[in-house]
Amino acid sequence: MKRVLTVFLLVAALAALFFFVGCSGEEATEPPPPPDVATPEPPPVIAEAGEEAEAEVEAGDPRLVEHGLDENLCFHETVNLSVAIWDRSHERMPDMADNGWTDWIRENVMEQHNINPEFVVVPRWDETPFMTTLIGAGSAPDVSFAFGGMALVNTFAGMGALQDLAPLLAQYNDWLPNMYGFLGANVYWNTDPTSGELFALASRRTEIMRQSTFIREDWLNALDIAPPTSLQEFEDALKAFRDNAELLLGDDANMMIPMMMDGDVGWAFGTIIESMIPDNITEREWFRYDFDVRRIMHPTTKEAIRIANRWFHEGLLFQEFGYGDIGDIIADYVRLGFVGAQIANWDMPYRAGVDQQITTMREHWGPEANFIAVTPFPNDAGNNVMFAFSPADRGIFLPHTNTNQVASLLYIDFMSRQSTRDFLAFGIEGQHHAIEANGAIRLLPSDEQPDNMVFAATNNFDINFVANGFCTGDEELTVNTLALAYAGIDPADIMATRTMALNAARVWRTVHTRPIDAQEGMTTPLNEFRDQIFVNTVIAAPDEFDAIWDTMIAQYMAMGGQAIINERDQAWVEQFGDVDFMPGWEGW
């Protein structure tokens with residue numbers, strides 16, 4: 001076991017030195033290292049921020065012969081490797097497994113390592129059940145990833161379906177300078193502190209902003225309403241939108257939706273739910289309930305959903321939100337300009353690809369149509385707090401059926417290279433972007449991008465699984481580029497939204513304990529039932545709200561929620577003792 005972890009502690013410590021060098025975003029807290037393990041040796045070569053590195057391979061290294069590699073880590077015979085790729089059904093890029101981006105990847109990784117990637121399409125919005133099915137059938141791609149949280153990865157691991165990466169990294173870490181350089185401490189983020197097992201790398205989120213509350217600036221101006229700064233002011237604005245539908249939408253007044261809501265109520269009402277959580281909540285309490293990312297187990301969430309119930313019955317929320325799979329219809333309502341407010345990803349209205357909202361709105365309603373971010377939901381201490389993402393993003397794993405582990409690691413290192421990340425994030429100059437006088441990269445509108453090589457998602461998030469966002473290696477350049485990364489959007493709006501989200505951001509330190517057995521296999525059924533609770537209580541008759549909520553929550557707890565809460569608290573005490581905060585706590 002000591003050898004399994006020979007590279008952990010020192011690399012994790014060193015990662016703090018380069019983890020966010022030259023990148024935008026707030027510096028995140030490193031995960032605590034496992035106790036009582038040997039001091040590791042770092043890789044001899046680590047790519048510096050903004051650069052890439054070639055591994056220093058000694059002539060005669062027996063591993064080269066074992067795996068059929070030359071001294072440049074290029075396989076003598078082509079290795080076929082299946083790799084997951086997300087698909088959003090973009091009309092101009094109908095085949096996510098065969099397009100200009102995948103051609104570029106294939107050509108360059110063949111030249112670099114003689115690896116031929118065969119891309120396996122995974123539907124973006126059904127990735128959890130789809131990947132679960134592939135895992136269960138033993139047909140998951142050699143290099144796979146999941147966005148359903150590390151709990152899902154640990155569920156796969158509990159099934160015996162994943163490979164332990166710790167011994168592989170201990171043996172081959174010196175061949176992966178770009179992976180270590182870019183992912184930093186994320187390489188070991190998911191290490192079990194008791195066993196030392198590591199079943200997934202954590203890809204890297206370069207921007208930690210999570211959600212924002214958006215409201216129509218042009219509608220506020222038309223009604224002479226200041227941007228709301230409190231829950232009451234926000235509610236008053238929604239009522240004003242509802243009551244002035246004819247003024248704001250003319251002949252389309254019957255399409256008025258003061259605030260969008262979809263079936264994922266915990267996300268669509270997220271900043272309100274989180275504003276109800278006490279400002280002084282402890283790390284222990286947060287960890288106890290944090291298995292549900294929609295916060296349903298926090299004691300205050302019931303009152304947040306009571307507000308949603310009242311707003312629904314007052315006609316302030318989208319009335320058909322709970323009817324089946326209508327995500328595309330909901331997105332169209334926003335893009336067509338019928339929606340006054342929404343809680344969404346921090347940059348949702350500005351994004352490129354199929355989700356882009358403001359450009360389409362302006363085609364229908366003119367250049368003034370716009371969403372702006374607001375912070376109208378102070379918590380009990382009067383603070384505007386929004387719980388930010390950690391820098392750990394998707395879980396990257398190798399299924400037990402993978403027989404090309406070394407090729408898989410070299411492929412991940414290739415995807416981590418600065419040149420690879422830059423190309424996938426920005427594309428080709430003149431076709432996807434232009435270079436400004438200050439060096440910043442300005443993305444061009446999607447209709448100017450070549451067919452079959454458009455950005456289906458911002459920065460090719462669906463293809464480049466190691467990164468959520470981009471990092472140029474120069475902090476000023478990265479921030480200036482971020483401001484220009486949304487074609488057709490005023491950079492000032494991007495910076496204002498980003499600044500607002502960062503100022504309100506609260507980053508929770510990642511808690512590492514042993515796996516929670518009660519959680520195994522329960523992520524999907526609990527999440528599905530949680531969504532039913534939210535929908536049923538939002539649409540319930542107000543005088544039935546409490547009875548429905550209490551009954552369904554009791555069922556949720558009996559299904560496994562209570563067992564998870566109990567075991568998470570037990571695991572906390574085992575790891576840290578009967579305390580409320582992990583070692584090193586200094587307060588917010």
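Which residue stands opposite Val83 in E2? Select Val83 and then Phe119, for Phe119 is the residue that stands opposite Val83 in E2.

The model on display is predicted: local features need pLDDT of at least 70, side-chain atom pairs count only at pLDDT 80 or more, and totals for chains, interfaces and linings use all residues. Residues are numbered from 1 along each chain as its sequence is written, and side-chain values use heavy atoms, with hydrogens and water left out.

Select residues 79–87, which form strand E1. Helices (H or I, at least four residues) and strands (E, at least two) are DSSP runs, numbered from the N terminus. Of the 9 residues of E1, 8 are buried, so this strand is largely enclosed by the rest of the structure. Here, buried means under 20% relative accessible area, exposed means over 50%, and partly exposed lies in between (1.4 Å probe, protein chains only). Two strands pair if DSSP finds at least two bridges between them.

Continue to Ser89, in the loop between E1 and helix H3 (100–113). Ser89 is exposed, with a relative accessible area of 61%. Its phi is near 60°, a positive value in a residue other than glycine. Most residues other than glycine have a negative phi.

Select strand E4 (residues 201–205) to see its parallel pairing with E12 over 2 bridges. Within E12, Ala467 is the bridge partner of Arg204.

Next, select Phe182 in helix H7 (residues 177–183). Is Phe182 buried or exposed? Its relative accessible area is 3%, and Phe182 is buried. Not counting residues up to four places away in sequence, Phe182 touches Arg204, Thr206, Ser416, Arg421, Val466, Ala467 and Cys471; contact means heavy atoms within 4.5 Å. Phe182 and Cys471 are 289 residues apart in sequence, yet 9.1 Å apart in space, C-alpha to C-alpha.

Strand E5 (residues 211–216) and E7 run antiparallel and are joined by 4 bridges. Phe214 stands opposite Ala373 in E7. Select residues 371–374, strand E7, whose two faces are both covered: Phe371 and Ala373 on one side, and Ile372 and Val374 on the other, are all buried.

Then select Thr497 in helix H20 (residues 491–504). Thr497 counts as buried at 2% relative accessibility. Its contacts, not counting residues up to four places away in sequence, are Ser212, Phe214, Trp346, Tyr350 and Ala373.

Arg295 is placed in the loop between helix H13 (283–289) and H14. It is not a glycine, but Arg295 has a positive phi of about 65°. At 6% relative accessibility, Arg295 counts as buried.

Finally, select helix H9 (residues 231–243) and helix H14 (residues 301–313), whose axes come within 12 Å and cross at roughly 20°. Axes are lines fitted to C-alpha atoms, for helices over the stretch in contact, and angles run from 0 to 180 degrees between N-to-C directions. The contact is made by Leu231, Phe234, Glu235 and Leu238 of H9 and Ile307, Arg310 and Trp311 of H14.
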